[in-house]
Amino acid sequence: RRCACDGRGATGTCDPVGGQCHCREGFQGVRCDECARGYYGEECRRCECDVRGTLPDTECAGVCKCKAHVAGDTCSECLPGYYDLSADQPDGCAPCWCSGVGLSCSSAALQTLAFETLNDWKVTDIMRSQVIAATVDSSTNYLVYSEDEQSIEGAVYWQAPQGYLGNRLTSYGARLSIQVNWVTMRGDTSGKPTDGPDVVLFGRNGLKIAYGDTIYTRGSTAIINITLDETGWYHVTPAVLDKKTRSRRTQHHGSAVTRTQLLSVLSALDSLLVRGTYHTDQVETSLERVIIYSGGTELGSTKLSTRVEQCVCPTGYAGLSCESCDFGFIRIWENATDHQLVAKCIPCPCNGHSNSCDLQSGGCGNCMHNTYGERCERCKVGFYGNPLQGTEHDCKRCACPLLVDSNNFSPSCQLKTYSIMDLN
């Protein structure tokens, strides 16, 4: 049969199977007689407005109507203090966090990575008051905890090792993937499936947040996939106990977590707990795998994540979100109005020659750049100069008369100074 492709946007050819017409750019439909999204008019011309930053259904309005955090004639730029222009953002762009000290940012260029291990995991409770080592199943190499061997009071949680912790800002918007298994007591009992936080995060700033509380009524395996953004996370009362004798335990549910709060937890993650109790008559739980991604959602994906920010940091701060202190500065923690700790970077009194110091004693750590002293204020023997200038070249090696070992005849020297009388 001849192709029925006489629409205004058809090329005249069609798919040999089914007859779908091949359309020119800007056209769609079985006969190519409709404008594709982002195109308008009789000739289906490309709309000038950027669909990512334009209000829905106004992309082809002639004058572009931008979303709240978007600017530009074509709504293609983020306002100052915002980044990551996206059609999925109701306001077009996300606000820069920058640890509350920076004002400008852009999307960080990151490689997608994944981390997983079953080494060094521990078994604990939601308060982390009891911690015991996990057992490895010799047949499966999975981690196993049996209620008969050692009893954790309350619901059981798996505590992640160091590789999952620390600075996890590159995992914002990426995925946390978990696979667990459990065994319940055989026989006719009155036991019930329980709920509880699937994951609990503890931040260095004192925040304790959790995600999920699913009741699993079918099977004895849970595959949990969590996107590490603020959606669905809630605060957990610091002193809450997680008991497994009731099917509903909603006392751990607090207020919703904001983006700022989640990022502040990810910037210095102290602990990650994975739920291990799913039934009141559970006798064993098994951890099969936990994968944390960073820089994107999937390995090998051609679409890179744009959700992690790269900030322009003020003096003394470094890192993607200004979460670290630059050389010569030390981090202190202060109480904020919302009862969480906030990190600040203040300069060490070390004349720019040490990256660490003790604020109580005022003493500096390892003095660098050939200096020594309580505040790295003096040049080492064999060097001369003014170490108070704060550069790495303050103290130069003595040349008496030359720097060559065979023609250098003094172990020490000092910077020559001039008085008014000398100059006269």
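Which residue forms a disulfide with Cys-5, and how far apart are their sulfur atoms? The partner is Cys-21, and the two sulfur atoms lie 2.0 Å apart. This briefing concerns a predicted model, in which local features need pLDDT of at least 70 and side-chain atom pairs count only at pLDDT 80 or more, while totals for chains, interfaces and linings use all residues. Residues are numbered from 1 along each chain as its sequence is written, and side-chain values use heavy atoms, with hydrogens and water left out.

**Disulfides**

- The structure holds 16 disulfides, a disulfide being a pair of cysteine sulfur atoms within 2.5 Å.
- A disulfide is a covalent bond between the sulfur atoms of two cysteines.
- The torsion about the S-S bond of Cys-5 and Cys-21 is about -95 degrees, so this disulfide is left-handed.
- Cys-5 lies in the segment before strand S1 (10–14) and Cys-21 in strand S2 (residues 21–23), so the pair ties together parts that are 16 residues apart in sequence; strands (E, at least two residues) and helices (H or I, at least four) are DSSP runs, numbered from the N terminus.
- Cys-5 is buried at 13% relative accessibility, and Cys-21 is buried with a relative accessible area of 4%; buried means under 20% relative accessible area, exposed over 50%, and partly exposed in between, for a 1.4 Å probe and protein chains only.
- Cys-35 and Cys-44 form a disulfide with their sulfur atoms 2.1 Å apart, and this link is left-handed, with -95 degrees about the S-S bond.
- Cys-35 is partly exposed at 22% relative accessibility, whereas Cys-44 is buried at 3%.

- Cys-398 and Cys-413 form a disulfide, with a sulfur separation of 1.9 Å.
- Its S-S torsion is about -90 degrees, so the disulfide of Cys-398 and Cys-413 is left-handed.
- Both Cys-398 and Cys-413 lie in the loop between strand S33 (395–397) and helix H2 (420–423), so the pair ties together parts that are 15 residues apart in sequence.
- Cys-398 is buried, with a relative accessible area of 2%, whereas Cys-413 is partly exposed at 26%.
- The sulfur of Cys-400 is 4.9 Å from the closest cysteine sulfur, in Cys-413, which is too far for a bond.
- Cys-400 is partly exposed, at 23% relative accessibility.

- An open sheet of seven strands has the order S14-S13-S17-S23-S19-S20-S22, with antiparallel pairing; two strands pair if DSSP finds at least two bridges between them.
- Its edge strands are S14 (131–133) and S22 (233–235), each of which pairs on one side only.
- Neighbouring strands of this sheet are turned by 30 degrees against each other on average, direction ignored.
- Strand S13 (residues 122–124) pairs with S14 in the antiparallel sense over three bridges, and Val-123 stands opposite Ile-132 in S14.
- Helix H1 (residues 259–267) lies across S19 (199–203), S20 (208–211), S22 and S23 (269–275), and runs at about 75 degrees to S19; axes are lines fitted to C-alpha atoms, for helices over the stretch in contact, and angles run from 0 to 180 degrees between N-to-C directions.
- Eight of the nine residues of H1 are buried, so the helix is largely enclosed by the rest of the structure; among them are Arg-259, Gln-261 and Leu-262.

**Nonpolar core**

- The largest nonpolar core has 43 residues, and those with the most contacts inside it are Trp-121, Leu-176, Leu-201 and Val-274; such a core is a set of buried Ala, Val, Leu, Ile, Met, Phe, Trp, Tyr and Cys residues joined through side-chain atoms within 4.5 Å.
- Strands S16 (143–146), S18 (175–184), S19, S21 (221–227), S23 and S24, together with H1, each supply at least two residues of this core.
- Not counting residues up to four places away in sequence, Trp-121 touches residues including Trp-158, Tyr-164, Val-274 and Leu-287; contact means heavy atoms within 4.5 Å.

**Two loop residues**

- Ser-171 lies in the loop between strand S17 (157–159) and S18 and is buried, with a relative accessible area of 0%.
- The side chain of Ser-171 reaches the backbone oxygen of Tyr-293 at 2.8 Å.
- Leaving aside neighbours within four places in sequence, Ser-171 is in contact with Leu-228, Ile-292, Tyr-293 and Ser-294.
- Leu-304 lies in the loop between strand S24 (282–294) and strand S25 (309–312).
- Leu-304 and Leu-110 are 194 residues apart in sequence and 7.6 Å apart in space, C-alpha to C-alpha.
- Leu-304 touches Leu-110 and Thr-112, not counting residues up to four places away in sequence.

Definitions and conventions:
Polar contact = N/O pair within 3.5 Å; in protein donor to acceptor, adjacent residues only side chain to side chain.
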